[in-house]
Amino acid sequence: MPTPSYSFEFFPPKSEKSALELLTVVKDLARFDPKFMTVTFGAGGGSREGTLQALRNLQKAAPVPFGSHLTYISLTRREIDHYIDLLWDQGIRHLVALRGDMPNDLVWPLDPDAEYYQYTSDFVEALAKRHPFDISVGAYPEKHPDAPNLDADLAALKKKCDAGATRAITQFFFDNEVYYRFLDAAHKAGITTPIVPGLLPIHDFSKVCAFAERCHASVSDDLRAKFETPSANLAEDLLCAQIEDLTAHGVNHIHFYTLNKSSLVAQACDNLNSK
Ligand code: FAD
């Protein structure tokens with residue numbers, strides 16, 4: 001079975017202790033020769049400086065191309081230009097360009113306003129113009145919660161790809177059929193940009209369920225039943241089965257939402273690499 005390439009996503013650590021733990025995780029996962037690693041931006045109350053600092057530390061720890069997530073929803077165009085110039089000067093050549101979750105004081109869709117980007121496609125276009133970044137965008141196999149339907153969401157994804165994104169990374173899903181159906185629909189919508197599956201290892205099932213509910217990612221009754229009386233290595237077995245099936249379907253790149261932990265991801269990659 002051909003081995004896919006991997007990429008790993010982390011969030012900026014919130015304490016010195018978790019920063020040290022993250023260095024260990026990153027060094028452990030670097031042995032899989034990942035295509036890239038990324039650091040999230042703003043999610044869960046993180047700051048811009050937190051992302052920049054985490055990137056600086058991780059760049060020193062592992063010889064891997066690092067990318068920064070960047071959300072535009074609370075930043076002016078001028079603030080974004082300043083931030084991406086800092087990233088570029090720091091040697092960052094990859095951005096994961098996102099809108100970000102809507103703050104309570106803003107209403108979607110945004111008013112067109114010269115100070116702010118209105119859509120992620122405008123944002124992608126501007127990023128690509130300022131520096132020749134490799135740009136990833138988000139994709140939602142079960143549709144983004146704000147989208148009226150999947151067709152509208154695919155039209156938005158196509159605009160982001162046409163604006164210069166080099167790949168889309170999906171929201172997590174647990175049933176690969178959801179991803180395969182989405183690939184078919186994206187193909188029919190004329191999207192030719194690679195759509196990389198994003199996988200979430202299940203370290204804590206109840207937290208994953210709460211997160212999935214917020215993101216509108218489905219958790220089947222079958223999966224819930226399995227975690228009611230979990231077998232010894234259930235989370236690892238599920239992740240291994242998921243990536244084996246993706247690889248058998250020709251998927252050549254898998255992105256992991258690591259949650260700053262390497263155990264399940266490393267076991268799953270080791271398992272696949274040994275086949
Ligand atoms: P968008 O593509 O902007 O879509 C949002 C909504 O707008 C959808 O309903 C879409 O259909 C609609 N839309 C988009 N363009 C148009 C258009 N031109 N016309 C009409 N409608 C349009 N959040 C963070 O805060 N920090 C992170 O680091 C982070 N990392 C993430 C990484 C990945 C891989 C993914 C999948 C998500 C991540 N998120 C992160 C969450 C993300 O910010 C939210 O899901 C956000 O609500 C949507 O951002 P987006 O750019 O993916 O969506």
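**Exercise 1. The largest cavity**

How much space lies in the largest cavity? Work through its volume and its lining, keeping in mind that the model is predicted.

*Solution.* Begin with the search of the whole structure, which finds one cavity of 30 Å³ or more. The space in the largest cavity comes to about 50 Å³. Next, collect the residues of the lining, which are Y140, P141, E142 and K143, then Q171, F172 and F173, and finally C215, H216 and A217. Sorting this lining by class gives six nonpolar, two polar and two charged residues.

**Exercise 2. The second largest pocket**

Determine the volume of the second largest pocket, and find which helix gives the largest share of its lining.

*Solution.* The volume of the second largest pocket is about 370 Å³. The pocket is lined by 16 residues, and those closest to its centre are F174, D175, L223, L238 and Q242. Turning to the helices, at least two lining residues come from α8 (221–228), and at least two come from α9 (234–248). The largest share belongs to α9, which gives five residues. In terms of class, nine residues of the lining are nonpolar, four are polar and three are charged.

**Exercise 3. Helices α2 and α3**

Decide how α2 is oriented relative to α3, and list the residues through which they meet.

*Solution.* First take the geometry: the axis of α2, which spans residues 48–61, comes within 11 Å of the axis of α3, and the two cross at roughly 15°. Angles under 35 degrees count as roughly parallel, and α2 is therefore roughly parallel to α3. The crossing of these two helices is right-handed. At the contact, α2 brings R48, T51, L52 and L55, while α3 brings E79, Y83, L86 and L87. By class, these residues comprise five nonpolar, one polar and two charged.

**Exercise 4. Helices α3 and α4**

Is the arrangement of α3 and α4 parallel or oblique, and which residues make their contact?

*Solution.* Helix α3 covers residues 77–89 and helix α4 covers residues 120–130; their axes come within 11 Å and cross at roughly 45°. An angle must be under 35 degrees to count as roughly parallel, and the perpendicular range runs from 65 to 115, so α3 and α4 are oblique to each other. Their crossing is right-handed. On the α3 side the contact is made by I80, D81, I84 and D85, and on the α4 side by F123, L127 and R130. The contact has four nonpolar and three charged residues, with no polar ones.

Technical notes
Residues are numbered from 1 along each chain as its sequence is written. This is a predicted model: local features need pLDDT of at least 70, side-chain atom pairs count only at pLDDT 80 or more; totals for chains, interfaces and linings use all residues. Side-chain values use heavy atoms; hydrogens and water are left out. On a 1 Å grid over the protein atoms alone, a cavity is a set of points where a 1.4 Å probe fits but cannot get out, and a pocket is an open set with protein on both sides within 12 Å along at least five of seven lines; lining residues have an atom within 4 Å of a point. Grid points are joined across faces, edges and corners, and a volume is the space filled by probe spheres set on the points. Helices (H or I, at least four residues) and strands (E, at least two) are DSSP runs, numbered from the N terminus. Ala, Val, Leu, Ile, Met, Phe, Trp, Tyr, Cys and Pro count as nonpolar, Asp, Glu, Lys and Arg as charged, and the others, Gly among them, as polar. Axes are lines fitted to C-alpha atoms, for helices over the stretch in contact, and angles run from 0 to 180 degrees between N-to-C directions. Angles under 35 degrees count as roughly parallel, over 145 as roughly antiparallel, 65 to 115 as roughly perpendicular and the rest as oblique. A crossing is left-handed if the near helix is turned anticlockwise from the far one by less than a right angle, and right-handed if clockwise. Contact means heavy atoms within 4.5 Å.
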